[in-house]
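These are my notebook entries on one protein chain. I set down what I looked up, entry by entry.

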Amino acid sequence: MATHARPGSLPSPPGRRVPELDPAAVGQWQAGGGELIELFAQAREQLGGIAAFRLGPRPTVLVTAPEAVQHVLALHPDRYVKRSHRARMLIGDGVLAATGDAWQRQRRLLQSQFTGRGMRRYEQRITGAARTTAARWAGYAATGQVFDIGDEMRRFALDTIWRSLTGHALDPASERELAAVAAVVAALPSLPADGGAAQGAVAADLARIDAVASLAIAAARDGEAGPDGPGLLHVLLDAAEARPEYTDRLIRDELVTLLVAGHETTATTLTWLCLLLDRNPKARDQALAAGPDGSPERRQAVQALVHETLRFYPSAWILPRCAAQDDILVGYEIEEGTDVLVCPYLTHRDPQLWEEPGQFDPTRFTAPGRRPTHPGSYYPFGIGPRACLGVQFALRESTALLEHLLPAHTPHFHSTPAKAAYSITVRPDGPTPAVLSDEGQPA
């Protein structure tokens, strides 16, 4: 049984040095060519919820302890700041990469669109995209066609955010060209360190993205609203009339930022969820048995499936920050300039926080007392002022799709990826081909 204790032994007196992983262990990891998460896991297991290791001349500090997570992300974001976003060549000065006053202005404008009344205007668009996907899946089930689950989830999530941005369903030409977004995101970890060389390596894909963005902006400027009314692009264009900083370039950057953040993470989460349900079929049955179609009980149970998937595979598996000043982090000295890596992936799998963390158990998000209460224990979208803007949007679109698909279809995978790939997101490292059976009957 989980005690919900804090991971590691965190001292109370200030001034202690962060414990550092043995350089020999780092050298062995480097020689083995493993994933970075393996080094992180070793550091956390040996040293606790605040640990250091050296990949260069200065130590990098890994943070997984809940109170330290909250200190860095929520309580003192001015002391732990974002550096240039690794996707800046793709998203430019969009809200994900912006800092300072510019970030505050951009965040304020967009935040109203993703909370409360702002979210309600996207409900029909989300439902429309879910119904389109459900109809496509009905065709797959009728014909026995093999299709890729990951591709389908990207298609759904891209359609949803495109409807929300433009007011129109995703058309085939835009869908084809916007495949370049996923291509650039996948390429980012392996691009050259030199900015110019990196830009050149993906120049063709960036040009495709820019062309689609330009067409969408021009259509919105001409007043072209979709069947459900104007989209987020119209909000940005309205802002440009009063705010000179909203140039066509910044509007393009915000559009691409929302495309990246609004479909890549959701698609990955839904793909993982299908894979997890394939391994844990009782979880699907339990969610459907929670209540009749459309009931609050059914919706809560479906949302729990999403939350448990996000516990395993958070939207952002690593949140990098840089210490802007000297600080004491729950008793440990942090020097100005130190790289600090907050890792929800490891916090969510900590056996001192979560009972049987390796078990897929959505009921931990529905039954009282089953999950840790500290806000730094579960943060798949981050916490604090730089938490993801689209949390409610992502949860609503994921739930809407599952409400359409779960009662009708069960995917049966021809093969599943053997491991995960750790990039901007943590995603299945390989294709996910499947066929469908109706209403849970074997294919």
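**Entry 1: a buried pair.** I looked up R311 and found a relative accessibility of 0%, which counts as buried (buried means under 20% relative accessible area, exposed over 50%, partly exposed in between, with a 1.4 Å probe and protein chains only). E308 is likewise buried, at 0% relative accessibility. R311 and E308 form a salt bridge, and their closest N and O atoms are 2.8 Å apart (a salt bridge is a side-chain nitrogen of Lys or Arg within 4 Å of a carboxyl oxygen of Asp or Glu). Both belong to helix α15 (residues 296–312), where a spacing of 3 residues separates them by about one helical turn. I noted the general rule that an α-helix has 3.6 residues a turn, so residues three or four places apart point the same way.

**Entry 2: basis of the values.** The model is predicted: local features need pLDDT of at least 70, side-chain atom pairs count only at pLDDT 80 or more, and totals for chains, interfaces and linings use all residues. Residues are numbered from 1 along each chain as its sequence is written, and side-chain values use heavy atoms, with hydrogens and water left out. Helices (H or I, at least four residues) and strands (E, at least two) are DSSP runs, numbered from the N terminus.

Entry 3: I then asked which arginine meets the side chain of E308 in a salt bridge at 3.1 Å, N to O. It is R364. E308 lies in helix α15 and R364 in the loop between α16 (344–347) and α17, so the pair ties together parts 56 residues apart in sequence. R364 is buried, with a relative accessible area of 1%.

Entry 4: R396 forms a salt bridge with E123, the closest N and O atoms being 2.9 Å apart. This pair links distant parts of the chain, R396 in helix α17 and E123 in helix α7 (residues 123–143), 273 residues apart. R396 counts as buried at 14% relative accessibility, whereas E123 is partly exposed at 29%.

**Entry 5: R125.** Also in helix α7 is R125, which is buried at 2% relative accessibility. Leaving out residues up to four places away in sequence, R125 touches R163, S164, G167, D228, G229, P230 and G231 (contact means heavy atoms within 4.5 Å).

Entry 6: Helix α13 (residues 248–279) has 32 residues and reaches 47 Å from first C-alpha to last, close to the expected 46 Å (the expected span is 1.5 Å times one less than the number of residues). Of its 32 residues, 27 are buried. Helix α17 (residues 391–405) has 15 residues and reaches 21 Å, close to the 21 Å expected. It is mostly covered, with 13 of 15 residues buried.

**Entry 7: the whole chain.** I recorded 17 helices and 12 strands. Of the 443 residues, 53% count as buried. The C-alpha trace spans about 60 × 55 × 40 Å along its principal axes. Among contacts with a separation of 6 or more, 72% come from residues 24 or more positions apart.
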